Amino acid sequence: MRMYNIIKKKRDGGELSTEEINYFVENYTKGKIPDYQISALFMAIYFNHMNKRETLDLTRAMVNSGDKVDLSSIKGIKVDKHSTGGVGDTTTLILGPMVAACGVPFAKMSGRGLGHTGGTLDKLESIKDFKVELSIEEFIRNVNNINISICSQTANIAPADKKFYALRDVTATVEDISLIASSIMSKKLAIGSDAIILDVKVGSGAFMKNLDDAINLGKEMVDIGIGYGRETIALITNMDEPLGNAIGNALEVKEAIDVLRGNGPKDLYELCIQLGIRLLLLSKRAKTEEEAKILLEETIRSKTAYNKFVELVKYQYGDIDYVKNPELLPKSDFVIEVKSEKDGYVKALNAEEIGKCALILGAGRETMESKIDFSVGIVLNKKVDDKVNVGDVLAYIHANDINKAKEVEAKIKEIYIIGEKNKENKKLIYGLISKDNIEIY
């Protein structure tokens, strides 16, 4: 089999066979095919696309390129959740404990954050001594003992994806739906959960900027999961403005604890409820949406979800005093108020630009080698559709560098669009994608 022939076939609009896909994935991972040939193939895929069978085969080959995590020794129907990434997205820290408190095993392996803000692991590491590197044995034991564990992916999960993504990033071929979907799903499917919910973000702070693209990505990923034999559904959710109020690692942990204690922002809580409902249905823990909602709300009311988060921290060697007293979490030297210079309503709040502001402060990574400052970030005091008067605090900047804080203050004043009230109320959830149905709300 020659790589030249595979490139030519896809360039001319042909359909690659399972054998051809396995060949280039396996041999490129082993270093036997040069970058320039895979670059040419990706450009051919970008222009001529892959069909559903090709995309599933590509995902399967990427899963098979490295280690697979066998979770069959975990009792019950194991669930997992993946977000396509946003700003202020702290759902895992709330959703996981809620679902686990309902008796459903929540087994999640995460990657590091790159870009606007830290990832789930970075947020958890703002808790003193919290350990994200667990052995597979520890991970499984924790899920069996307390129904939850959140740890880092082993180094050799879907190594083909790591190599492919680095190449796509520098060859302008990131945006192809099949390549995006197979990249995300290969890492999820290498970990043996029984059911997966995908939180597909859409809007200014998301990878997918418009609803049609988000639906297409969600459908592609759901089809891959179902084709692989896993129960998979997707929610399409709003990322035109940050989720919740906090952007930044320790600030987001504090906000997650607030929600688990029955407080915190309504949008963040509501999204966790909606994601949780679907996980309880997928795991057969509840028969109806109403039953699932009652179970989840009770975990907040009774504090069992909060207690589950304390257990998670304890089992992963973290200092539980940081959960019981969030004031112990890392704090910045400066807190700057950003005040409104106009009367009116918040019309728009570009999530990506707010995320970039958090990045300037040090809350995210420019590269994987960048060091994160756990204490810095932004807390929004006004969000879309809120009434604003001159002098009202729009946001609080938490910073350790006063010059960066002043730079961010000027940017935030420009990001807040204040004017007449929007004619339509904002939506939190746009739709649900399941095996046989796309439901747009």
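**Reading the strands and cysteines**

Modeller: Start with strand β9 (residues 377-380), which runs antiparallel to β11 and is joined to β11 by four bridges. Strands here are DSSP runs of E with at least two residues, helices are H or I runs of at least four, and both are numbered from the N terminus; two strands pair if DSSP finds at least two bridges between them. This is a predicted model, where local features need pLDDT of at least 70, side-chain atom pairs count only at pLDDT 80 or more, and totals for chains, interfaces and linings use all residues. Residues are numbered from 1 along each chain as its sequence is written, and side-chain values use heavy atoms, with hydrogens and water left out.

Colleague: Which residue of β11 does valine 379 stand opposite?

Modeller: Tyrosine 396. Strand β7 (residues 334-339) is also antiparallel to β11, with six bridges, and there lysine 339 faces valine 393.

Colleague: How many residues of β11 are buried?

Modeller: Buried means under 20% relative accessible area, exposed over 50%, partly exposed in between (1.4 Å probe, protein chains only). In β11 (residues 393-399), six of the seven residues are buried.

Colleague: What is the strand order in the open sheet?

Modeller: β10-β8-β12, paired antiparallel. The edges, β10 (387-388) and β12 (416-419), each pair on one side only.

Colleague: How many disulfides does the structure hold?

Modeller: A disulfide is a pair of cysteine sulfur atoms within 2.5 Å. The structure holds zero; for cysteine 272, the nearest cysteine sulfur, on cysteine 102, is 13 Å away. Cysteine 272 is buried, at 0% relative accessible area.
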